[in-house]
Amino acid sequence: MTHSALPDQVAGDFYTNNFAKNAQEGSLILNLGPQHPSTHGVLRVVVEMDGEYILRAEPVLGYLHRMHEKMAEVKTAAQFIPNMGRVDYGHALGWNWAFVGAVEKLAGIEVPERAEYVRVITCELNRLASHLLWWGAYLLDLGAFTPIMYAFDDREKILDILQAPTGSRLTYSYFRIGGVAKDLNEDCLSRIRAFIPWMRERLPMYKDLVSDNIILRKRIEGIGVIEPEVCRRFGATGPVIRGSGIAYDVRRSDPYSVYPKLDFEIPTSDLMDARGRYDVRIAEFEQSLRIIEQCLDMMPEGDVLVKGAPKPSWKAPKGEAYFAVEGARGKIGVYLVSDGGKNLYRTKLRAPGFCNLSLFAEVSRGTILADAVAILGSLDLIIPEIDR
Amino acid sequence: MNAIKEAIKTVSDLWSLMVGLRVTGKYFLEPQRTVRYPWKAVSNIGTFKGHLELVGGGQKDPFKPRCISCGMCALACPSHCITVVKKKAPKPTPEEEKALAEAKANGEKTKDKAPKDPEKFVYDYSLCSLCGTCIENCPAGALSFTGNVYMAGYSRNDFLFDLVVKLRDSQAPAPAEPAAVPAETSEA
């Protein structure tokens with residue numbers, strides 16, 4: 001469909017029309033991707049094509065907007081925790097942590113030490129699950145079907161472990177203001193201990209199966225090059241900025257919880273392309289396993305929830321607080337303003353995926369459509385998180 | 001020289017495909033990892049948080065809820081999926097009324113006769129986000145999650161339960177026979 005050959009009213013909806021205004025003569029406007037709201041996690045991108053090449057691209061957001069920030073205004077702080085599990089289904093515990101961390105900072109609540117370790121362990125396990133989901137789904141996007149079977153085999157083990165303390169498999173609401181809902185029992189800890197060597201054994205297999213594969217290398221090497229300066233300009237975080245060679249990780253740059261006590265590295269890659277981001281995430285598997293291993297050894301006995309933890313009727317003190325954690329996709333930030341009333345006055349959620357996605361319009365310019373899909377996947381986007 | 005390099009590179013590239021195929025072949029010969037569902041079920045259903053249920057054991061009766069109808073759960077719930085209906089006090093008989101008036105006249109403290117267990121405990125599973133806030137805030141320990149993972153229904157109303165009825169019905173094993181209604185709960 002050439003947009004110029006058709007009258008405006010049949011040339012598509014508002015976004016397409018608006019986008020088509022600046023189109024070049026003879027170019028093709030293409031809507032990429034499904035956007036039906038009932039399918040969770042899909043993205044619509046309007047692209048202007050010249051043959052096989054992309055002239056311009058524009059992501060269309062808002063299909064999964066669920067007003068989480070507005071909902072925070074009508075719920076008390078403790079009642080808002082279930083929402084945080086639903087912002088990003090991939091790394092739900094990262095969001096749990098960002099919110100309860102912000103409330104704890106605002107109210108000056110000390111978290112018991114054991115709870116901090118429990119948080120780190122579960123959060124890192126969730127990060128592994130999130131990276132495995134990305135790994136399987138990304139390769140599925142690139143046309144490789146088998147890897148997702150291997151990824152979900154391992155991911156299933158993590159979900160089984162996390163199901164014991166949290167009771168759910170995807171949208172966790174496990175953290176509480178002042179601790180966590182349930183302690184990790186001995187059975188759960190022994191399963192985590194058994195999981196670490198299992199996962200370590202799987203990593204070389206992943207390398208053999210996919211990472212070294214010539215087809216994958218040809219697909220992702222040298223495409224989607226993002227200069228560090230561009231990353232900074234767009235506020236990209238997480239594996240995207242680390243794949244461009246900047247060792248920025250909230251766990252080290254703005255340390256929280258017990259991360260300063262733990263010994264781990266921040267993997268980076270100087271390749272700056274889709275391959276670089278791929279390598280960073282693969283390297284993070286090992287680092288997460290290292291963190292969990294250390295936490296299991298260092299974990300003290302004790303309570304996991306502070307005494308007198310806030311009840312749903314608890315009112316946050318007047319003031320404001322910002323707390324950021326490192327999620328699987330980057331820096332998750334929660335900014336709270338409280339006027340001392342029943343509900344929080346304002347809750348601002350900073351989603352890493354939003355900034356990472358905004359890079360796409362910049363990077364995809366001039367690439368082949370097939371490469372654009374590979375670039376989009378390498379940004380590891382979870383759409384509900386972007387729309388919130 | 002370049003041609004040789006090129007040839008070696010091609011061979012190593014092709015070799016990477018063989019390595020991948022070897023992994024696939026190895027796993028092909030391994031036992032099945034998935035569970036063949038209708039014939040076999042996964043082993044960890046017990047830790048799953050299903051819908052809410054009332055814990056029995058009120059007044060030493062395992063089918064009477066321990067709930068004291070305080071309404072803390074309904075207040076705590078972020079999604080407003082719980083409605084607790086309190087039982088009304090049974091209408092006093094003329095003799096009781098007389099005794100009550102006498103007691104009041106003598107300046108004695110009168111005891112509220114209203115039973116504590118709820119008349120109705122309406123729970124809308126379709127709204128519930130299974131966060132457990134109600135359970136944590138229950139002073140009587142009267143709520144818990146079930147491990148029911150097989151919940152399915154044809155309409156929205158299938159997910160609207162009265163948990164008191166559900167608990168009472170759980171004593172009747174055969175669904176064909178309607179559960180005997182205890183006299184004390186039916187009169188209220």
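Me: What should I know before reading any values?

Reply: This is a predicted model: local features need pLDDT of at least 70, side-chain atom pairs count only at pLDDT 80 or more, and totals for chains, interfaces and linings use all residues. Residues are numbered from 1 along each chain as its sequence is written, chains are lettered from A and ligands numbered from 1 in the order in which they are written, and side-chain values use heavy atoms, with hydrogens and water left out.

Me: Into which domains is chain A divided?

Reply: Domain bounds come from an automatic or database domain assignment. In chain A, domain 1 covers 1–64 + 357–388, and domain 2 covers 68–350. Their C-alpha centres lie 29 Å apart.

Me: How much area do the two domains bury between them?

Reply: The size of an interface is often given as the accessible area lost when the parts come together. Here buried area uses a 1.4 Å probe and is summed over both parts. For domain 1 and domain 2 of chain A it is about 2,100 Å², 62% of it on carbon and sulfur atoms.

Me: How many salt bridges are counted between these domains?

Reply: A salt bridge is a side-chain nitrogen of Lys or Arg within 4 Å of a carboxyl oxygen of Asp or Glu. The count between domain 1 and domain 2 of chain A is four. Arg281(A) pairs in this way with Asp380(A), with the closest N and O atoms 3.7 Å apart.

Me: Which helix gives the most to the side of domain 1 that touches domain 2 in chain A?

Reply: Helices are DSSP runs (H or I, at least four residues), and strands are too (E, at least two), numbered from the N terminus. α13 (352–363), α14 (369–378) and α15 (383–387) of chain A each supply at least two residues of that side. α14(A) gives the most, with seven residues.

Me: How many bridges join β2 and β3 of chain A?

Reply: Two strands pair if DSSP finds at least two bridges between them. Seven bridges join β2 (residues 44–50) to β3 (residues 53–60) in chain A, and the strands run antiparallel. Glu48(A) has Arg56(A) as its bridge partner in β3(A).

Me: How many residues does each chain give to the contact between chain B and chain A?

Reply: Contact means heavy atoms within 4.5 Å. Chain B gives 27 residues and chain A gives 29. The area buried between them is about 2,200 Å², with 49% from carbon and sulfur atoms. Across this interface there are three salt bridges. Glu136(B) and Arg176(A) meet in a salt bridge at 2.8 Å, N to O.
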